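Hi,

Here is the structure I promised to pass on.

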Amino acid sequence: FFCNSYMAETVRTFYDLDGPDSAEAGEIVEWILYTKDVQDRPVDVTDTLVAKMWLNDPTRGLLDCRGALNKQEVGTNTFQFCLPYEGTWKLKITRGKKLLFGNEEITTQVSDRLPTHTINYEFQIETNPSNVRVGKSVSLSISIKENGKPVDPDPSQDFKVSVFGNGKRSYPSLTRNRIGEYVTEFSGWGAGYYVATVIYDKTKVVKRKIVYHEATSARMSSTKDLPTRSQRGQLSSFKVQAKDMLANPIGVGGDLWEFGISGGPATVNYVKIIDQQNGCYLFEYILPVSGVYNFRLLLDGNHVQGSPWRVSAT
């Protein structure tokens, strides 16, 4: 799968990069970054690693896609991209403010490969949900029609679903619900982009993208959303929009939050968390008297960015 290798050097760290020179539109593209010291031993870097691939499309303009970072082991990080359009996508990797890779020659040629022969059936695939937390399953529903009418596929031909992500592939078994309708479920094996592909007669006929995300403080909205002043004795609130590792809004609820207020001139008896089941969370509270209170907000046991902080009641 990997066919390119590049080297970059700083004072103490060497970088080795592997990735594909070609891919199919909508499939997962994965680049691996290896970091080593001067004695060729794997080491981790403390600065933030960011990878982007970009395409100067003649009709859509400048497009970019940020890679989903997954740490595999000491000295090994993978970046996953889901590149939706044809063209020559170019790679850029930064460590903090330092550019590690941005050579014009580090590219992946993406093509939209259509069936090599005529498929008489019309296939559709739906996912529920398409953005889900790690550990939860995704339902896939495949419908098949011929001339607008539900039909079962030719039993003499290969018919299956492939799920690819994080460098692994699986083929979940299909169950027939009724004529022309098949369902299956699968659970991802880590955060990142996945692609479910229906294969018929050894041909990829339709795809659907799925995002698996971790519940981490990195998914918190900007700290500008956190309140610093409130009116005493009045119901106050603020809202948080959950996001995935690529800062895309998540449309499902179920995250584990902890919200608390302490240290003020009086005990706060009313705090409430409202899960709106669409990725948004409303945090309500009433500060009884004037003064300064200590707020804390944790997601899965970890403080979000900006927590703890202080709020003044007047």
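To start with something you can check by eye: which residue in E8 stands opposite Asn-70? The residue in question is Thr-78. Before going on, the ground rules: this is a predicted model, where local features need pLDDT of at least 70, side-chain atom pairs count only at pLDDT 80 or more, and totals for chains, interfaces and linings use all residues. Residues are numbered from 1 along each chain as its sequence is written, and side-chain values use heavy atoms, with hydrogens and water left out.

**The hairpin**

Strand E7 covers residues 68-73 and strand E8 residues 76-82; the two run antiparallel, joined by five bridges. (Strands here are DSSP runs of E with at least two residues, numbered from the N terminus, and two strands pair if DSSP finds at least two bridges between them.) E7 and E8 make a hairpin with two residues between them. In the turn, Gly-75 has a positive phi of about 80°.

Most residues other than glycine have a negative phi, and most peptide bonds are trans.

- Asn-147 has a positive phi, near 55°, and is not a glycine. You will find Asn-147 in the loop between strand E14 (137-146) and strand E15 (149-150). Asn-147 is exposed, at 78% relative accessible area. (For accessibility, buried means under 20% relative accessible area, exposed over 50%, and partly exposed in between, with a 1.4 Å probe and protein chains only.)
- Asp-201 is another non-glycine with a positive phi, about 55°. Asp-201 sits in the loop between strand E20 (192-200) and strand E21 (203-213). With a relative accessible area of 23%, Asp-201 is partly exposed.
- The peptide bond from Ser-307 to Pro-308 is cis, and its omega is near -5°. Pro-308 belongs to the loop between strand E28 (302-303) and strand E29 (309-313).

**Aromatics**

How many aromatic pairs are there? The count comes to 18. The rule is that rings of Phe, Tyr and Trp (its six-membered ring) pair if their centres lie within 6.5 Å; planes under 30 degrees apart are stacked, over 60 edge-to-face, and the rest tilted.

Take Phe-123 and Tyr-200: their ring centres are 5.5 Å apart and their planes at 40°, so the pair is tilted. Phe-123 lies in strand E12 (residues 122-128) and Tyr-200 in strand E20, so this pair ties together parts that are 77 residues apart in sequence. Phe-123 is buried, with a relative accessible area of 9%, and Tyr-200 is buried too, at 6%.

Phe-238 and Tyr-285 form another tilted pair, with 6.5 Å centre to centre and 55° between the planes. Since Phe-238 is in strand E23 (residues 235-241) and Tyr-285 in strand E26 (residues 280-286), that pair ties together parts 47 residues apart in sequence. Both Phe-238 and Tyr-285 are buried. They also belong to one aromatic cluster, along with Trp-257, Phe-259, Tyr-281, Phe-283, Phe-295 and Trp-309.

There is a charge over a ring as well: the charged end of Lys-160 sits over Tyr-171, 4.7 Å from the ring centre. (The test is NZ of Lys or CZ of Arg within 6 Å of the ring centre and within 35 degrees of the ring normal.)

**Salt bridges**

The structure has seven salt bridges, where a salt bridge is a side-chain nitrogen of Lys or Arg within 4 Å of a carboxyl oxygen of Asp or Glu. Here are some of them.

- Glu-126 and Arg-208 meet at 3.8 Å, N to O. This pair links distant parts of the chain, with Glu-126 in strand E12 and Arg-208 in strand E21, 82 residues apart. Glu-126 is partly exposed at 45%, and Arg-208 is partly exposed at 30%.
- Asp-40 and Lys-36 form a salt bridge at 3.5 Å, N to O. Asp-40 is exposed, with a relative accessible area of 52%, whereas Lys-36 counts as partly exposed at 28%.
- Arg-41 bridges to Asp-37, the closest N and O atoms being 2.8 Å apart. Asp-37 is buried at 13%, while Arg-41 counts as partly exposed at 46%.

Over to you!

Conventions
Helix = DSSP H or I, 4+ residues; strand = E, 2+ residues; numbered from the N terminus.
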